[in-house]
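Please read the points below with the structure open beside you, and locate each residue as it is named. They are written for someone who is new to looking at protein structures.

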Amino acid sequence: MKVGTDGVLLGAWATIPSHSDPAHKSSLLDIGTGTGIIALMLAQRTTGIAPAFRIDALEIDPLAAQQAQENVAASPWSDHITVLPLSLQSFAESSTPQTYDLIVSNPPFYNATLKPSDESRAMARHKDALPVSAITRFASRALSPNGRLALIYPTAYDSEVMTAAVLNGLHPVRICDILTKEGKPCKRRMTEFSIQNSPIARQQLIIRDAEGKYTREYRSLTSDFYLHLSD
């Protein structure tokens, strides 16, 4: 599975938990980790904020989970990240009740028609494998009181996502509209949800300007993760 722009954006944008108590061990969960890219990005960002932290990374596809484990083992954060080859449903049923300060997911939002022939790619790309209703239902039970659920999804599914969140007692508190190029319509959206209701912070991110060059905002958000943007 390739590293996609959606995953990088979410890993760079999601709010990293911070606590006044230095002894607090932050807990994060990546649902559908794929190659582990978002979990690794969160670990990189969390290191400078909360040295004591743990990240659980769920992945239903066994080959992808194995690749994520290899990537984690080769990283500086292998002691902080646990890759679990489980579906969200199995994890929810089998795990000891626990809370998370941040839950992230880049869920599949492709219709069931025209599925790719490769079963692993189909599982990763189609929403019947990981419905957003299951994610929001789990998050409503597993988030800490001030925790956040961060999702990225096509704007065409905004109504579905918002409905699922509201039905499970979650409130949008931070929204970022993503434009691939200046002047283009918004086709991707990142939203953070919380159990607590508060005013929504809205922003817009344009990836490329009218000339096709990366914008200053996009470079600022992602330069810690892309070698070609770090100079």
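1. The model is a predicted one, and the protein chain in it has 8 helices and 8 strands. Of its 231 residues, 46% count as buried, while the chain exposes about 11,700 Å², of which carbon and sulfur atoms supply 51%. If we take the contacts between residues at least 6 apart in sequence, 75% of them join residues at least 24 apart.

2. With 12 residues, α3 reaches 16 Å from its first C-alpha to its last, which is close to the 16 Å expected at 1.5 Å a residue. Its buried residues are Ala64, Ala65, Ala68 and Val72; seen down the axis of α3, these fall within an arc of 100°, so they line one face of the helix.

3. What do the buried residues of α3 pack against? They pack against α2, residues 37-47, and against β3, residues 81-84. The face of α3 that is turned away from the buried side carries the exposed residues Pro62, Leu63 and Ala73.

4. Just after α7, glycine 169 takes a positive phi of about 75°.

5. Turning to the rings, the structure holds 2 aromatic pairs. In one of them, phenylalanine 91 and phenylalanine 138 have their ring centres 6.0 Å apart and their planes at 55°, so the pair is tilted. Phenylalanine 91 belongs to helix α4 and phenylalanine 138 to helix α6, so the pair ties together parts that are 47 residues apart in sequence. Both of these phenylalanines are buried.

6. Is the pair of tyrosine 214 and tyrosine 218 stacked or tilted? The ring centres of tyrosine 214 and tyrosine 218 are 5.1 Å apart and their planes are at 25°, so the pair is stacked. Tyrosine 214 is partly exposed, with a relative accessible area of 23%, whereas tyrosine 218 is buried, with a relative accessible area of 3%.

7. Charged side chains also meet rings in this model. The charged end of arginine 208 sits over the ring of tyrosine 214, 4.1 Å from its centre, and the charged end of arginine 174 sits over the ring of tryptophan 13, 3.9 Å from its centre.

8. Leaving aside residues up to four places away in sequence, glutamine 44 touches Trp77, Asp224 and Phe225. The C-alpha atoms of glutamine 44 and serine 75 are separated by 9.7 Å, although the two residues are 31 residues apart along the chain.

Key: Residues numbered from 1 in each chain as written. Predicted model: local features only at pLDDT ≥ 70, side-chain atom pairs only at ≥ 80, totals over all residues. Heavy atoms only, no water. Helix = DSSP H or I, 4+ residues; strand = E, 2+ residues; numbered from the N terminus. Expected span 1.5 Å × (residues − 1). Buried < 20%, exposed > 50% of the residue type's maximum accessible area, 1.4 Å probe, protein only. Arc of directions from axis to C-beta. Contact = heavy atoms within 4.5 Å. Phe/Tyr/Trp six-rings, centres within 6.5 Å; stacked < 30°, edge-to-face > 60°. Lys NZ or Arg CZ within 6 Å of the ring centre and 35° of its normal. Areas by Shrake-Rupley, 256 points an atom, 1.4 Å probe, with all protein chains shown as cover.
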